[in-house]
Amino acid sequence: MNASAARTYDEIINDDRAPEEDKRRAKADSLLGHMAALLFQRGHLQLVQQLRQVRAAGIEYDPQDQTLDLWLDFDPADFAGLSESAQDDLREIFERVSRRLAYGIDWIGFRETMPSVGPDWREQLDGMLNGNRPTNQARRAMPETPKFLEDCLAFTNAGEMRVYRALKHLQEKELPPEETISIFPLPFGRVPGRTCEPDVVVAYKGRAGVLEIDGPHHRVRRAVDTSRDHLFRDAGFAFVDRITVEAVDDPEELMASLKRFLRRLRESG
């Protein structure tokens, strides 16, 4: 076993030869791990799940206050589901852990991950605005491995993958094999007047339905979303429904929403 890999956080932090960057990284990961473990002991499983969604944890110097701050970065969909109440609870547990560990980190912040862009960002953005974001139809041609991948299917965020996993559970565990569902995440297709990409197409009982997953900005896009739903129905889908951000983050509510969607799809005329 590699000796450096087996070192504890304290050994890294107290190693005079270790680079300061490594020490900060160890402190950030130690704080995050202790927060998650203490929350688990308290039975706050939803907060533990939200900490598991952290894409990066880092300690940064604030020149204005002259302090070292812990920043937790989330993907946009996960950050949208991090309520003010949850942030308050995480600040409380951070303060308790930080005092005990005595790393000199007195503040915690939450933010979205910063996207990576290059000189061709304008062309890429134009393509995405025209509906050319990565899809499963073109997944093999994508230039890099998708961040969210399961069963050789690509997803654009953690919320989409959670919905897929819940649908797969219904498909394989709760519905009989002779009357189960088909799941098509992020298919690309054509409806009158435009090329579009529904979040999930589900086939059940001889009918096809569209399931849209509301993103962090769905409230300000409600009129556009409604028009899109009508377009899908006019183009032949038996039923169109939406999963809210709140439902995606609550396993019980998500499962209830999906079962309601399948029932309505089955009963659609």
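Predicted model: local features only at pLDDT ≥ 70, side-chain atom pairs only at ≥ 80, totals over all residues.
## The chain as a whole

Let's begin with the big picture. The protein chain has 269 residues, and 38% of them are buried. Its secondary structure comes to 10 helices and 11 strands.

## Helix H10

Helix H10 covers residues 251–267, which makes 17 residues. From its first C-alpha to its last it reaches 24 Å, close to the 24 Å expected at 1.5 Å a residue. At the N-terminal end of H10 you can find a cap: a side-chain oxygen of Asp250 lies 3.1 Å from the backbone nitrogen of Glu252.

Which residues of H10 are buried? They are Leu254, Met255, Ser257, Leu258, Phe261, Leu262 and Leu265. These residues lie on the same side of H10 because they cover an arc of only 160° around the axis. The face turned away from that buried side carries the exposed residues Glu252 and Glu267.

What covers the buried residues of H10? The cover includes two helices, H7 (158–174) and H9 (245–248). It also includes the strands E9 (200–204), E10 (207–213) and E11 (239–243).

## Helix H3

Now look at helix H3, which spans residues 45–52. Its buried residues are Leu47, Val48, Gln50 and Leu51. Seen down the axis of H3, they fall within an arc of 160°, so they line one face of the helix. Among the elements covering them are helix H2 (20–42), strand E2 (67–74) and helix H5.

## The second largest pocket

Which elements give two or more residues to the lining? The largest share, 5 residues, comes from H7.

Take Gln53 as an example. It lies in the loop between H3 and strand E1 (56–62). Is Gln53 buried or exposed? Its relative accessibility is 16%, so it counts as buried, the cut-off being under 20%. Leaving aside neighbours within four places in sequence, Gln53 is in contact with Phe74, Asp78 and Arg162.

Tyr9 is found in helix H1 (residues 9–13) and is partly exposed, with a relative accessible area of 32%. Tyr9 and Lys27 are 18 residues apart in sequence, and their C-alpha atoms are 7.2 Å apart in space. Not counting residues up to four places away in sequence, Tyr9 touches Ala26, Asp29 and Ser30. With Asp29 there is a polar contact between the two side chains, at 2.5 Å.

Gly58 sits in strand E1 and is partly exposed too, with a relative accessible area of 25%. Between Gly58 and Leu32 there are 9.8 Å from C-alpha to C-alpha, while in sequence the two are 26 residues apart. Apart from its neighbours within four places in sequence, Gly58 is in contact with Ala28, Asp69, Leu70 and Trp71.

Most residues other than glycine have a negative phi. With 62% relative accessibility, Ala102 counts as exposed.

Lys205 also has a positive phi of about 55°, and it is not a glycine either. You can find Lys205 in the loop between E9 and E10. Lys205 is partly exposed, with a relative accessible area of 37%.

How values were computed
Residues numbered from 1 in each chain as written. Heavy atoms only, no water. Helix = DSSP H or I, 4+ residues; strand = E, 2+ residues; numbered from the N terminus. Expected span 1.5 Å × (residues − 1). Buried < 20%, exposed > 50% of the residue type's maximum accessible area, 1.4 Å probe, protein only. Arc of directions from axis to C-beta. Contact = heavy atoms within 4.5 Å. Polar contact = N/O pair within 3.5 Å; in protein donor to acceptor, adjacent residues only side chain to side chain.
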